[in-house]
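Here is a short tour of a protein model, meant to be read with the structure open beside it. Please take a moment to orient the view before starting.

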Amino acid sequence: GISGAVGRNGRPELDRMLKDATRRRERGAGGRPLLTFHLNGHVQFTTADEKIYHGMLVTPAMMASASHDRVLIVGGGDGLALRDVLAWDPREVVLLELDPELVRLFSEPRRDGVNRPFLELNRSSFSDPRVRIVFGDAWLTVDLLVEKGERFDVIVVDLPDPNHPDLNKLYSTAFYGKLRQVLTGDGAMVAQSTSPYHAKRTFLSIGKTVSAAGFRKVKQYHANVPSFGEWGWTIAVPHGRPPEARITSFEGWAPANWATKEMVLAAFVFGRGFYKMRDAVRVNWLRSGVMYQYHLQDWDEVKPR
């Protein structure tokens with residue numbers, strides 16, 4: 001529902017993470033307990049449906065890229081997107097994360113065992129020798145990658161919603177332009193893009209902003225994630241055929257996860273008139289504050305009165 005859809009926001013300290021982390025004892029399929037992780041009172045994921053979110057985040061970009069040798073993940077400190085990326089057998093994965101405490105919670109076993117279910121869920125992905133973690137502000141750490149001339153076949157952007165002025169720059173043309181510089185010519189980038197229904201202006205602005213950053217072909221898609229509500233993503237390529245066409249022609253090997261090729265292709269379809277207001281939505285240029293303002297306005301309009 002709407003309250004769940006405001007998930008994927010916030011970055012508190014480790015103590016608060018542990019306080020907010022909850023283990024629900026409801027029984028799911030096969031009698032296994034359902035686990036829900038909260039940050040700052042917002043649902044980040046639940047074991048009942050995180051496979052939907054992460055499957056739709058990772059699979060389309062992997063199918064749309066010509067190669068999967070080197071993958072960059074921006075955000076994703078819970079290791080779940082990393083888990084799904086590793087299933088594609090890349091040669092190297094670089095993960096940029098602001099918060100070392102978050103990664104520690106999802107990578108280092110605690111004596112009290114409170115985080116054991118999370119390590120099982122992400123399959124101890126941070127321990128894989130192919131993974132390199134770079135801590136710091138994504139704005140600056142991407143600059144370091146540009147300076148070193150690094151290139152990636154796939155870029156997965158799994159950042160919190162632009163619910164704070166400091167996050168606005170990570171949804172700007174300037175930031176997406178930086179990512180384009182480290183993406184290979186036949187690669188693909190994907191970004192979580194909030195809810196296309198509860199935050200429609202924000203969602204559409206993300207698509208327009210990625211396009212304005214120089215990506216030649218940009219498409220947006222959606223799926224229902226029960227913990228969040230209807231959720232959306234943006235996929236883009238710098239050259240060549242559009243992402244949807246690449247996915248349609250994909251015939252390679254893919255790991256057996258929730259997001260099948262047919263489901264991904266269906267996710268590109270929206271209802272009649274969905275893009276009608278797109279022309280009126282603004283691009284988020286650096287320091288414009290457009291994305292942050294849209295996010296505030298969109299979510300304020302769906303709050304119970």
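**Ground rules and overview**

This is a predicted model, in which local features need pLDDT of at least 70 and side-chain atom pairs count only at pLDDT 80 or more, while totals for chains, interfaces and linings use all residues. Residues are numbered from 1 along each chain as its sequence is written, and side-chain values use heavy atoms, with hydrogens and water left out.

The protein has 13 helices and ten strands; these are DSSP runs numbered from the N terminus, with helices being H or I of at least four residues and strands E of at least two. Of the 305 residues in the protein, 57% are buried. Here buried means under 20% relative accessible area, exposed means over 50%, and partly exposed lies in between, with a 1.4 Å probe and protein chains only. The protein exposes about 13,300 Å², and carbon and sulfur atoms supply 51% of that area. These areas come from the Shrake-Rupley method with a 1.4 Å probe, and for residues only the protein chains shown count as cover.

A contact means heavy atoms within 4.5 Å. Among contacts between residues at least 6 apart in sequence, 71% join residues at least 24 apart. V43 sits in strand 3 (residues 42-46) and counts as buried, because its relative accessibility is 14%.

**Helix 10 and what covers it**

Helix 10 spans residues 200-212, and its 13 residues reach 18 Å from the first C-alpha to the last, close to the 18 Å expected at 1.5 Å a residue. That expected span is 1.5 Å times one less than the number of residues. How much of helix 10 is covered? Ten of its 13 residues are buried, so the helix is mostly covered. The buried residues run from R201, T202, F203, L204 and S205 to I206, G207, K208, T209 and V210. Their cover includes helix 9 (173-181), strand 8 (183-192), strand 9 (217-225), strand 10 (229-237) and helix 13 (290-301). After helix 10 comes G214, whose phi is positive, near 110°.

Two strands pair if DSSP finds at least two bridges between them. Strand 8 runs parallel to strand 7 (residues 152-158), with five bridges joining the two, and V157 stands opposite A191 of strand 8. With strand 10 the arrangement is antiparallel and has four bridges; there M189 stands opposite A236.

The loop between strand 8 and helix 10 holds S193, which is buried, with a relative accessible area of 0%. A polar atom of the S193 side chain lies 2.9 Å from the backbone oxygen of A191. Leaving aside residues up to four places away in sequence, S193 touches F203, I206, Q220, G232, W233 and T234.

**Salt bridges**

The structure holds 16 salt bridges, each a side-chain nitrogen of Lys or Arg within 4 Å of a carboxyl oxygen of Asp or Glu. Three of them are listed here.

| Pair | N to O distance |
|---|---|
| R130 and D128 | 2.9 Å |
| R132 and E150 | 3.2 Å |
| K169 and D137 | 3.5 Å |

In the pair R130 and D128, R130 counts as partly exposed at 23% relative accessibility, whereas D128 is buried at 18%.

The side chains of R132 and E150 also meet in a salt bridge. R132 lies in strand 6 (residues 131-135) and E150 in the loop between helix 7 (138-147) and strand 7, so the pair ties together parts that are 18 residues apart in sequence. R132 is partly exposed, with a relative accessible area of 29%, while E150 counts as buried at 12%. Both belong to a network of salt bridges that links R70, E92, R132 and E150.

A salt bridge also joins K169 and D137. This pair links distant parts of the chain, 32 residues apart: K169 is in the loop between helix 8 (165-168) and helix 9, and D137 in the loop between strand 6 and helix 7. K169 is partly exposed, with a relative accessible area of 27%, and D137 is partly exposed at 27%.

Conventions
A polar contact is a pair of N or O atoms within 3.5 Å; within protein, one must be able to donate a hydrogen and the other to accept it, and residues adjacent in sequence count only if both atoms are side-chain atoms.
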